[in-house]
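I opened the model to look up two things. My notes are below the structure.

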Amino acid sequence: MAGNKEGNQKRLKIARFLWPLLVELWIFVAIATFIVVRVLESHAAQRILGAIKSSHPL
Amino acid sequence: MKTIAIAANLLLVVAAIGFGNLLHSLIPKSFSRLDRIVLILLGGLGLLGTILFCVGQVWFTRSAVVLVLLLGVLLSLRPLSTAIRDWRSVLAELSIPAIPAAIALFVILLTAVGGLALPTGDTNDDAIAYHYLGPKVWLQQGVIRPVPDEIQTYFPVVVEAQYAALMSLGGQRAPGFFAVIGLGSLLLTAASLAMRMGLDPTGAWWAAALVAVMPTIYRGAYGGFLDALFAAFVLACARIAFDAEQPGHFALLGIFCAICMGTKYTGIICWVLLVPCSFLVATWAHRRGASFLLKWLGASCAVAIALASPFYLRNWIMSGTPMYPAPPALLKLFTPNYLQPAAIDGLVRAMNLDRQGMGGGIVNFLLLPFHLTYHTANFRGAGGIGLVPLALGPFGIIARRRDPFAMGLFLFAVLQVGAWFATAQVARYMIHVYVIGAIFGVIGWSYAVKTASRNGRILSQAVVAISILYGFWMITASRIEDVRAAISPSFEAKRWDRETADAASFNYINHELSVKKVLILNGQIAAYFIDKPYLKPFGRWGEQTLGATNLREVLSLLPGLHATHILDVRNEDGNFALPEDPSGLTLVFEHGDQRIYRID
């Protein structure tokens, strides 16, 4: 009985805290990767970044 | 001309509704009004294409087209009058959320305006190379036959038969405007499927909006591409397959499978995968008897084979094999009588080059969701599928894990991806899977909002916003020139000259009265732009249409060909096919790398 209760509590903990966190992390990583790969590495973004770099030399 | 193009499309849709209404009694009673509208429209388009094809085997003039369409219009009078009478109740049922509706409407509007531009390009564009070429030649010849210099006109032609009807009535712009019908059908199908998977009308609108802004889906919807409409046919099949209970439903499934097979060869793969998926879902989830299912799924297969057979029988009779060009497995059973190894090799080599994607292997298969989202260029993806299927789709699958319909659809999608991965990794061949991904994405969005904290809600909204903005950016950039061409005749004329290879020669041939029939020496010339009869001894894949294997043999056949002029352009090696001052020919037109000779 005690083991069962412990297992239920563990599952509840995962459902309440860990799973929502995993959901958020998955979405966040997907967005971040998309911004880096699809947006910043696009030709348009490269042109803009190149123009900024050339107008503000280090 | 633009008004006529729009009117021709309207007439075609009305006729399609008429033919589609013949299927009304086969649609399951449990289906919603939206489901019925979708199935009648799609079924009608499929039946209309099949009827045009069958009639076109013996007679394909404007009169034949008008007669077939008039029959459809007559059949549509009753359902349309009922629909007009009930329009108030239909409107009352509709709840239209502003943002997704505006997104979908914007994309449809862009498609409508851009679709009215004249086609431009060269044979690297599939529409110019064969989707539009076949219909144009059929109308010139008054009969539907494969074009011998273009091997890809042997493919099934449910949609191209409708392009031909549109060209006949509405001119060269009309097939471009058909994109509105194709895309509109797909969005309606997506909404109908989304509601079946448990989304409310607002969710269904969001699913449709996300489908509308996926650049890869959009690329398959305009400019002669028929992949979006094909995807709608496949999804309609799936919708029926997982809910079929009575013999009539299975017959309807067979009809839609036939439409898929009559649209593209890949429709055969969809049919082969869908039937076992339907069997599994019905036996495991709905506990239906295996013998009943086997009997009626078998009957649906018989219906599918019978209705798709005109496209394959035509090829069998004309070329000795039902699928032409024949895949290696078929070559063991059939002996093609018109198989030119060079042409087949050329086509297979080009296809393999185009279709390798990011390679085979189990790792690449497992990484596909990531590759398709982040590296779509490797699959000729035209900008990708946005972020929703990858970021939110998995949660949608989790949320609907106990729904047999959703799981059946998921299984079908996985098998489709496997078949696509093994055969042809071209992004737009998998549009139906992206639509399923978008629907799971919207379900996942609502799941994430319920499950995660405030951050989760904001993040999932960000995913949707990024997908929409990115899609808008890509789609608008790809259509801006078409829209400009459609609204500015001077820009359109300049663009036609600029983007159409050998435009000057086409203008000369089309406007010079003495040109009656043209012999085209270069295989890469886009014969679609020539409004007069032509002969092309060598196709772009090495097809040999006159039996001659080289130029000297072609010239020896000249007296019997009845051509009045020869079009010669500079080849990739920098030389013309004909020598300087060829005997018996007079140079009548020269422009850059193009020469036209009169045959004396």
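I worked from a predicted model, where local features need pLDDT of at least 70, side-chain atom pairs count only at pLDDT 80 or more, and totals for chains, interfaces and linings use all residues. Residues are numbered from 1 along each chain as its sequence is written, chains are lettered from A in the order in which they are written, and side-chain values use heavy atoms, without hydrogens and water.

Entry 1, chain B against chain A. I found 28 residues of chain B in contact with 15 residues of chain A (heavy atoms within 4.5 Å). The two chains bury about 1,800 Å² between them, 77% of it on carbon and sulfur atoms (accessible area lost, 1.4 Å probe, summed over both parts). I looked for polar contacts across the interface and noted 4 residue pairs, both residues at pLDDT 80 or more (N or O atoms within 3.5 Å, one able to donate a hydrogen and the other to accept it; residues adjacent in sequence count only if both atoms are side-chain atoms). On the side of chain B that touches chain A, α24(B) gives the most, with 9 residues. By class I have 18 nonpolar, 10 polar and no charged residues on that side (Ala, Val, Leu, Ile, Met, Phe, Trp, Tyr, Cys and Pro are nonpolar; Asp, Glu, Lys and Arg charged; the others, Gly among them, polar).

Helices α3 (residues 62–85) and α8 (residues 158–170) of chain B pack at about 110°, axes 10 Å apart (helices are DSSP runs of H or I, at least four residues, numbered from the N terminus; axes are lines fitted to C-alpha atoms over the stretch in contact, and angles run from 0 to 180 degrees between N-to-C directions). I therefore put α3(B) and α8(B) down as roughly perpendicular (65 to 115 degrees). B:R62, B:V65, B:V66 and B:L69 of α3(B) meet B:A165, B:S168 and B:L169 of α8(B).

Definitions and conventions: Helix = DSSP H or I, 4+ residues; strand = E, 2+ residues; numbered from the N terminus. Parallel < 35°, antiparallel > 145°, perpendicular 65-115°, else oblique.
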